Amino acid sequence: ISISVFPPSNACIGRYILNMQITSCGHTYQRCLGDFYVLFNPWCADDPVYMDNQAHREEYVLNEHGILYEGVHKHITSRPWHFGQFEEGILDICLKILDMGASYHHGSDRDRCWRNDPVHVSMVVNHMISSHTTNSIMKIPENNDYLKGTKPFSWNGSVPILQQWYNGRCRPVRYGYCGSLASVMCTVMRCLGIPSRVVTNFCFPCSIENPLGINEIFDCTGKNLCGKDKLWRYHCWNESWMARRDLNQCCGDWQCLDPTPLETGRGSACSGPTWVRSIREGELDLDYDGQHMFSRVNSNYVGWLSQNNAKKTKFFCDTWPCGQHLITKSVGSEQFEDITGAYKYELGSVKNKEAYYRAYRRIHPGYCNASNCHIERELSSLKNPFLSDSGINMRLKMANCPMYGEDVQLHWLLENLRGENKNLKFNLSAQIVTYSGCPMDQFWKDSVNVTLGPREVKKIPLCISYSQYGPYLCDHNIMKVVALSDPECGEVLMVSRDIVINRPPVIVKLLSQPRLKVPCTAEISFCNPLQEDMKNCVMTLEGCGLFKEPMTIDLGTLASNQQARTIVEFTPYRLGSHRLLANFGCHRF
């Protein structure tokens with residue numbers, strides 16, 4: 001007997017058991033024919049996750065390899081990530097996640113009727129990634145303290161994280177960061193049949209008091225003080241494709257889901273799903289968490305100088321607007337795609353202003369009947385004055401692209417826009433900053449007197465040696481360099497630059513052609529570029545379809561300029577396009 005099963009497009013996803021009942025000669029027999037899984041189907045036109053582009057389906061559903069974008073908006077770095085949604089046992093883990101999170105919105109999961117709606121499924125998954133009180137998949141370290149767990153940036157893929165959570169009785173894995181949370185969610189969604197991708201937003205504001213404003217405070221030396229607001233250098237979230245029945249959508253579109261719990265003023269919580277188009281239009285009443293998502297790509301930056309008497313004054317500076325660069329991996333390519341235009345209209349355009357005014361009235365009820373001119377005056381009063389208003393233009397330009405162990409070279413460019421001399425004293429500083437905007441050690445300070453003749457342009461070289469920044473950098477490979485004029489000289493001018501220190505490369509070389517179920521060898525090499533020993537060196541290898549479990553190699557101590565070579569053997573256990581990932585760690589990073 002050949003049996004075919006055709007589940008309707010509104011069937012609940014999950015694992016089903018197929019029983020056959022046979023009645024013969026007055027006797028009834030039961031036989032279990034096995035079990036099968038029902039998932040969302042982006043190939044089916046009647047399914048709410050239907051995606052009509054085959055290349056997009058291959059990228060956002062079938063592709064197990066992804067790229068995470070990090071760094072700062074002027075220096076974007078990338079690293080590969082294994083989603084591994086087709087690895088053995090991952091589907092059962094994903095369904096376990098739905099079981100554990102079922103009570104989040106529904107109190108009871110007896111009828112499971114919500115499991116045919118990708119909106120509710122995505123909300124449950126979003127909540128389970130890091131917001132669930134006891135059974136969330138992953139935790140973020142508090143105060144950057146991860147001594148009791150795995151370094152957040154040492155993960156190469158989602159599979160070990162999901163396996164550790166499942167095998168550890170559904171206790172949270174320690175630790176992750178926004179990139180790993182968004183990537184794990186992407187794995188779960190793709191595994192369930194929902195097209196998904198990871199998005200990175202550069203200059204991401206996290207403000208508690210003012211949803212559309214982010215404040216950074218500096219002292220007179222240029223040190224960034226720790227305040228309530230944080231300006232994340234980048235933040236990753238998830239986008240999933242679905243037609244929203246609750247919004248009467250007949251066709252699928254991208255919905256924004258942020259699994260990272262962020263402080264909102266009413267406690268920390270994840271966000272979404274939020275229709276990306278509603279964020280661009282400023283239609284905040286349409287959707288879940290529209291206010292939070294709009295503010296994360298449209299907040300205004302305000303910089304303050306805090307002096308000894310606790311008085312705060314705005315300084316002159318040219319600020320980069322928040323949320324002006326959003327990117328994701330391109331379809332069928334290793335390059336990134338700029339999707340900023342999906343979240344907001346071009347800065348300064350009529351449509352951009354109309355959307356902002358619309359959202360401003362919703363976020364600030366006191367302005368619900370205010371005119372556009374009234375709102376614009378209010379916004380102008382909150383912003384920092386431009387450097388050009390003071391008669392001086394400044395910027396910090398990189399002279400090199402520094403790697404661990406190399407000095408940081410910058411050019412400080414100053415231009416006098418007026419026909420009179422300018423005599424200024426500047427305080428210079430450099431400080432470590434985490435990706436989430438937490439200021440760390442200020443490791444370098446200097447002061448310099450600058451004289452500019454009428455209309456004069458001057459270039460001043462700056463150098464920060466590795467011996468100055470090396471002991472402080474650790475896992476946080478971002479530093480902030482600031483030049484701030486002395487308040488006693490009159491108007492306070494400020495220019496800053498975020499600098500990414502690149503990590504030394506790990507080189508992977510295949511020594512034989514990979515074939516299914518045939519042993520293969522690869523050479524992994526790494527060279528210590530520092531003028532000091534690297535201690536506690538560890539190499540972690542991972543490859544979906546190549547290794548059943550990640551491989552860890554203890555390299556011990558590497559002397560200066562010493563090259564470590566390791567030969568590893570593996571046996572590919574399934575067909576497909578595979579990628580071998582190698583991650584190096586030591587006492588420095």
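**View 1. Cys-203 in its strand.** Cys-203 sits in strand β7 (strands are DSSP runs of E, at least two residues, and helices are runs of H or I, at least four, both numbered from the N terminus). Keep in mind that this is a predicted model: local features need pLDDT of at least 70, side-chain atom pairs count only at pLDDT 80 or more, and totals for chains, interfaces and linings use all residues. Residues are numbered from 1 along each chain as its sequence is written, and side-chain values use heavy atoms, with hydrogens and water left out. Cys-203 is not a glycine, yet its phi is positive, about 60 degrees. Its relative accessible area is 10%, so Cys-203 is buried (buried means under 20% relative accessible area, exposed over 50%, and partly exposed in between, using a 1.4 Å probe and protein chains only).

**View 2. Cys-25 in a loop.** Here's another cysteine with a positive phi, about 55 degrees for Cys-25. As background, most residues other than glycine have a negative phi, and most peptide bonds are trans. Cys-25 belongs to the loop between β1 (14-24) and β2 (27-38). With 75% relative accessibility, Cys-25 counts as exposed.

**View 3. Two cis peptide bonds.** Arg-174 and Tyr-175 are joined by a cis peptide bond, with omega about 5 degrees. Tyr-175 falls in the loop between β6 (173-174) and α6 (178-191). The Gly-272 to Pro-273 bond is cis too, with omega near 5 degrees, and Pro-273 is part of strand β12 (residues 268-275).

**View 4. The annotated stretch, residues 170-261.** The UniProt record, an unreviewed entry, puts "domain: Transglutaminase-like" at these residues (UniProt positions follow the numbering used here, feature names are shortened, and annotations may be inferred rather than shown by experiment). In the model, this stretch is 15% helix and 47% strand, and its end C-alpha atoms are 19 Å apart.

**View 5. The largest pocket, between two domains.** The protein splits into domain 1 (54-344), domain 2 (392-500) and domain 3 (506-585), with bounds from an automatic or database domain assignment. Domain 1 and domain 2 both give residues to the lining of the largest pocket, so the pocket lies between them. On a 1 Å grid over the protein atoms alone, a pocket is an open set of points with protein on both sides within 12 Å along at least five of seven lines; a cavity is a set where a 1.4 Å probe fits but cannot get out, and lining residues have an atom within 4 Å of a point. The volume of this pocket is about 1,000 Å³, volume being the space filled by probe spheres set on the points, which are joined across faces, edges and corners. Of the 34 lining residues, Ile-140, Pro-141, Glu-142, Asn-143 and Pro-261 lie nearest the centre. Strand β11 gives the most, with four residues. By class, the lining has 15 nonpolar, 13 polar and six charged residues (Ala, Val, Leu, Ile, Met, Phe, Trp, Tyr, Cys and Pro are nonpolar, Asp, Glu, Lys and Arg are charged, and the others, Gly among them, are polar).

**View 6. The second largest pocket.** This one has a volume of about 810 Å³ and 30 lining residues, with Ser-78, Arg-79, Pro-80, Arg-503 and Asn-583 nearest its centre. β3, β4 (75-82) and β29 (581-585) each supply at least two of the lining residues. The lining comprises 17 nonpolar, eight polar and five charged residues.

**View 7. Helix α8 and Thr-566.** Eight of the nine residues of α8 (residues 290-298) are buried, so this helix is largely enclosed by the rest of the structure. The buried ones include Met-293, Phe-294 and Arg-296. Over in strand β28 (residues 563-570) you'll find Thr-566, which is buried at 14% relative accessibility. Leaving aside neighbours within four places in sequence, Thr-566 is in contact with Ala-522, Glu-523, Ile-524, Ile-553 and Leu-555, where contact means heavy atoms within 4.5 Å.
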